[in-house]
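Morning, everyone. I'll take the ligand and the strands in turn. Here is the model.

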Amino acid sequence: MDKFVVRGGNPLLGTVRISGAKNSALPCMAAAILTEDEVILENVPQVRDIETERKLLASMGAEVELGYGRAQHRTHIRCAILSDPVAKYEIVKTMRASSLVLGPLIARTGLARVAMPGGCAIGGRPIDLHIKYLEKMGAQITQDHGYLEARTERLKGAHIIWEKISVTGTEDLLMAAVLADGETVMENCAREPEVTDLAALLTAMGAKIQGAGTSTITVQGVAKLHGARHRINPDRIEAGTFIIAGAITGGDLKVSGCDPSHLGALLETLRSCGVRFDINGDTIRVRSEGTLKAADITTVEYPGFPTDMQAQYMALATQAEGTSVITENIFENRFMHVQELIRMGANIRIDGRTATVRGKTPLSAAAVMCSDLRASASLVLAALVADGETILDRVYHIDRGYEHIEEKLRGVGAQIRRMGEVFGKK
Ligand code: EPZ
């Protein structure tokens with residue numbers, strides 16, 4: 001079980017480059033199922049979830065080549081023959097986002113067997129709405145032995161009004177609609193940049209989509225899609241994580257290769273905390289001189305404050321003067337980092353979906369346990385300012401969504417090293 005060892009106290013100085021967005025690359029890889037031609041994706045991050053998706057597609061009969069080394073961050077996918085359109089539990093249990101293959105599989109082959117994704121640390125994560133709206137498009141879906149089985153002659157366009165805003169739900173149904181017979185109108189869609197990125201790839205493949213990035217998406221189904229080459233968006237959550245790393249350590253950090261237009265709500269909150277930004281194209285320079293001021297946040301769907309930045313913001317709030325009230329509206333159990341932060345000296349009280357952070361409290365190094373992807377990031381941020389050497393266990397959680405985070409942090413002055421096996425190195 002690999003661990004990180006982090007010695008706190010160094011301000012981060014220099015430039016860190018942001019990788020492609022895991023949560024864009026995952027649906028875009030699934031979109032390759034929709035054509036027998038080759039799909040080439042650039043700027044794919046080297047993270048564990050991408051490797052898992054590669055195995056999933058290959059297990060169904062796809063040819064998937066992940067370019068590391070020379071052709072780094074590029075993947076070639078060809079789903080000419082899908083000999084076994086089954087998303088097996090052994091893979092799905094390690095990554096819930098595997099359910100993203102449900103829509104494209106039904107649309108392409110008329111048949112799909114997908115293991116029901118279990119919950120995860122942050123919540124139950126049901127996909128009941130994915131199922132409900134695929135049935136509305138004509139899929140017959142049964143559940144047995146932990147698998148969903150979906151069949152259809154050909155999906156039909158439908159008018160869908162999402163009862164809840166769902167990111168992968170919007171993506172799954174969008175991929176189902178592009179090959180359906182007729183028009184599909186979806187209202188109350190997710191507006192996340194990852195949805196827009198997927199729509200850009202689908203359009204390049206010949207799909208007819210309007211309104212991606214807004215609450216209403218309209219799709220005219222087509223008979224076939226062809227291959228395409230597409231560059232994945234920068235990862236806005238990785239960028240936000242490094243922005244907070246620069247702020248919490250009182251550094252002077254340039255975060256490059258990002259898209260500042262995806263970070264509006266976070267930057268607005270951090271400005272109110274006294275963090276200074278200079279934005280120049282795809283680079284955000286972060287400086288925080290002196291004390292940080294407390295500020296409240298409430299997580300909501302994009303373009304509001306992202307739930308995937310809540311844990312990282314909480315680490316910063318422990319170093320801000322005053323009381324910060326953090327409300328988590330998206331997931332029912334996304335405070336797994338709180339007890340670990342308290343063990344490092346933070347003053348946090350949870351009441352249902354609200355955590356109240358009283359700062360500034362000095363943090364001291366401790367042995368801590370990572371529980372999920374963003375909670376792990378929060379603990380790394382806390383360790384960067386803790387007094388002494390923090391040991392973080394189960395860092396495989398962080399490897400799911402951050403590319404070589406310890407190398408990137410070391411490159412801007414952090415004292416961090418990994419113990420045990422190293423993911424991504426042969
Ligand atoms: C996506 O998860 C992201 N994952 C999550 O990122 C992110 O936290 C989340 O969106 C919210 O932004 C990927 O894109 C791979 P939802 P997703 O469906 O799509 C409820 C990370 O850290 N819901 O938007 O699974 C659900 O329970 C991960 O990278 C239903 O009730 O989230 C939740 O309360 C963590 N029924 C809310 O909707 C459904 O059928 C929003 O979930 C679907 C969702």
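Let me start with a term. Two strands count as paired here if DSSP finds at least two bridges between them. Take Ile 141: its bridge partner in S9 is Ala 150. Keep in mind that this is a predicted model.

S8 and S9, the latter covering residues 147-151, run antiparallel and are joined by five bridges. Asp 144 stands opposite Tyr 147 in S9. The two strands form a hairpin, with two residues between them. His 145 takes a positive phi there, near 50 degrees.

Now zoom out to the sheet. Four strands make an open sheet, in the order S6-S7-S9-S8. The pairing is mixed. Its edge strands are S6, residues 86-87, and S8, residues 140-144. Each of these edge strands pairs on one side only.

A word on sheets in general. Strands pair through backbone hydrogen bonds, either parallel or antiparallel.

Next, another open sheet of four strands. The order is S23-S24-S1-S25, again with mixed pairing. Which strands stand at the edges? They are S23, residues 367-369, and S25, residues 415-419. Each has a single partner strand, so one side of each has no neighbour in the sheet. Neighbouring strands of this sheet are turned by 20 degrees against each other on average, with direction ignored.

Inside that order, look at S1 and S24. S1 spans residues 3-7 and S24 spans residues 389-393. They pair in the antiparallel sense, over five bridges. Phe 4 stands opposite Leu 392 in S24.

On to S22, which has two pairings to show. With S20, residues 320-328, S22 is antiparallel, and six bridges join them. S22 itself covers residues 354-359. Thr 323 has Arg 358 as its bridge partner in S22. With S21, residues 347-351, S22 is also antiparallel, over five bridges. There, Ile 348 stands opposite Val 357. S21 and S22 form a hairpin with two residues between them. Gly 352 sits in the turn and has a positive phi of about 65 degrees.

Now the ligand. How many residues surround it? The count is 23. The closest are Asp 128, Ser 166, Thr 168, Asp 308 and Ile 330. By class, the shell has 10 nonpolar, five polar and eight charged residues.

Where does the shell come from? Four helices each supply at least two residues: H1 (22-31), H5 (128-136), H6 (167-177) and H12 (373-385). H5 gives the largest share, three residues. Domain 1 (3-19 + 234-418) and domain 2 (22-231) each contribute at least three residues to the shell.

For Lys 164, a side-chain N or O atom is 3.2 Å from an oxygen atom of the ligand. For Val 167, a polar backbone atom is 2.8 Å from a ligand oxygen. For Arg 374, a polar side-chain atom lies 2.9 Å from an oxygen atom of the ligand. As for cover, on its own the ligand has 830 Å² of accessible area, and the protein covers 89% of that.

Definitions and conventions: Residues are numbered from 1 along each chain as its sequence is written. This is a predicted model: local features need pLDDT of at least 70, side-chain atom pairs count only at pLDDT 80 or more; totals for chains, interfaces and linings use all residues. Side-chain values use heavy atoms; hydrogens and water are left out. A residue is near a molecule or strand if one of its heavy atoms lies within 4 Å of it. A polar contact is a pair of N or O atoms within 3.5 Å; within protein, one must be able to donate a hydrogen and the other to accept it, and residues adjacent in sequence count only if both atoms are side-chain atoms. Accessible areas come from the Shrake-Rupley method with a 1.4 Å probe; for residues, only the protein chains shown count as cover. Ala, Val, Leu, Ile, Met, Phe, Trp, Tyr, Cys and Pro count as nonpolar, Asp, Glu, Lys and Arg as charged, and the others, Gly among them, as polar. Domain bounds come from an automatic or database domain assignment. Axes are lines fitted to C-alpha atoms, for helices over the stretch in contact, and angles run from 0 to 180 degrees between N-to-C directions.
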